[in-house]
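User: I am new to this structure and would like to learn how to read its features. Please give the general idea each time, and then the case at hand.

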Amino acid sequence: MPNDVNYKEHFESQDDDEIDLGQLWRAIWAGKIVIMVISFIFAVASVTYALSKPDIYKASVLLSPTASEGGGGLAGLSGQFGGLASLAGINLGGSGGDKTTLALEIIKSRSFIETFISKHNLLVPLMAAKKWNISNDELIYDKDLYDIDKNKWLREVKAPKKVEPSPWESFKAFSKLLSVSQDKATSMVTIELSFFSPNVAKQWLIWLVEDLNNFVREQDQQNSQNSIDYLTKQLEKTQVTNMETVFYQLIEEQTKNMMLTQVNKEYVLKTIDPAQVPDRKDQPKRALIVVLGTILGGILSVIIVLIRYFSNSNYSTKVKEEKLA
């Protein structure tokens, strides 16, 4: 018999711990005013926040890796004299894919981006612009950061930062605007750049592709010239006829390679779909912000109502138990 009593008490205690869906609904219905008020506040706050965010436009360009036009002769020599060239520190040319991979790493590198910002004087629009005036197609600058009339930085920062943004700060800011991706199946490269002004985004993207092609071209020209200079010196020292033939062939191919770098303006990446001025904003997603904000307010308000309801219920139960005791 005692076992039966314990068994019954066990299930009664379980029933007390279970949450009644009807009770939940009654709690929510009782707090409907609170839920509506909090949800409304969150909705208004979401609308205000969404409208305060400036429009961001994204320009994009589709590029194709250029074939290594000088690769034929160099590739043949690489099979014959690759070991000798490597020992001499001479690069006989890699595949187009390797050069494309190198270019994509360069465009994201700190040194390249810092040089790009300095070359085109992008520091002020990059770090001080806050939105774009669509009526006169001009950037609007934050007066607390930069005085456009006096050409003077005004921002207040703590050490070790300085009033004028450092190259590192500009690199981090620009990297957030830049997106680089490559389709593994087609090898096509997509470069995207986001900014307040669609015209500025397009212009920066055009400059970026041009500077990247020029940077890799100049590197290859310098490498070829260094190889030619080295081979010429070695040719003057050697007395072996077979080695003279090898050096002449290597010098010839390096000379061809240098000439080919000057032929094509788009040296590494060829434009397939050029950058255009975007006519639609990419960000912010204002409707999504408002919807998510309102939902968040609704969830939070329901949680508050339930906590208050069950807290009051538990308190009332304890008071009754104390009176009965």
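User: How is the relative accessible area of K256 to be read: is K256 buried, exposed or partly exposed?

Analyst: Buried means under 20% relative accessible area, exposed means over 50%, and partly exposed lies in between, with a 1.4 Å probe and protein chains only. K256 has 40% relative accessibility and therefore counts as partly exposed. E252, with 43%, is partly exposed as well. The model is predicted: local features need pLDDT of at least 70 and side-chain atom pairs count only at pLDDT 80 or more, while totals for chains, interfaces and linings use all residues. Residues are numbered from 1 along each chain as its sequence is written, and side-chain values use heavy atoms, with hydrogens and water left out.

User: Which residue forms a salt bridge with K256?

Analyst: A salt bridge is a side-chain nitrogen of Lys or Arg within 4 Å of a carboxyl oxygen of Asp or Glu. K256 forms one with E252, and their closest N and O atoms are 3.6 Å apart. Helices (H or I, at least four residues) and strands (E, at least two) are DSSP runs, numbered from the N terminus. Both residues belong to helix 10 (residues 241-261); they are four residues apart and so separated by about one helical turn.

User: How many salt bridges does a search of the whole structure find?

Analyst: The search finds eleven salt bridges. One of them joins E192 and K58, with the closest N and O atoms 3.7 Å apart. This pair links distant parts of the chain, since E192 is in strand 7 (residues 189-195) and K58 is in strand 1 (residues 57-65), 134 residues apart. E192 is partly exposed at 24%, and K58 is partly exposed at 29%.

User: Where do the partners K119 and D211 lie?

Analyst: The side chains of K119 and D211 meet in a salt bridge of 3.2 Å, N to O. K119 lies in helix 6 (residues 110-119) and D211 in helix 9 (residues 198-237), so the pair ties together parts that are 92 residues apart in sequence. K119 is exposed, with a relative accessible area of 52%, whereas D211 is buried, with 10%.

User: What does E114 touch, not counting residues up to four places away in sequence?

Analyst: Contact means heavy atoms within 4.5 Å. E114, which lies in helix 6, touches P167, W168 and F171 when those sequence neighbours are left out. E114 has a relative accessible area of 18% and is therefore buried.

User: In what order do the four strands of the open sheet stand?

Analyst: Strands of a sheet pair through backbone hydrogen bonds, either parallel or antiparallel. Two strands count as paired if DSSP finds at least two bridges between them. Here four strands form an open sheet in the order 6-7-1-8, with antiparallel pairing. Strand 6 (178-182) and strand 8 (269-273) stand at the edges with a single partner strand each, so one side of each has no neighbour in the sheet. From one strand to the next, the twist averages 30 degrees.

User: Which helix packs on the sheet?

Analyst: Axes are lines fitted to C-alpha atoms, for helices over the stretch in contact, and angles run from 0 to 180 degrees between N-to-C directions. Helix 9 packs on the sheet and touches strand 1, strand 6, strand 7 and strand 8. The direction of helix 9 makes about 140 degrees with that of strand 7.
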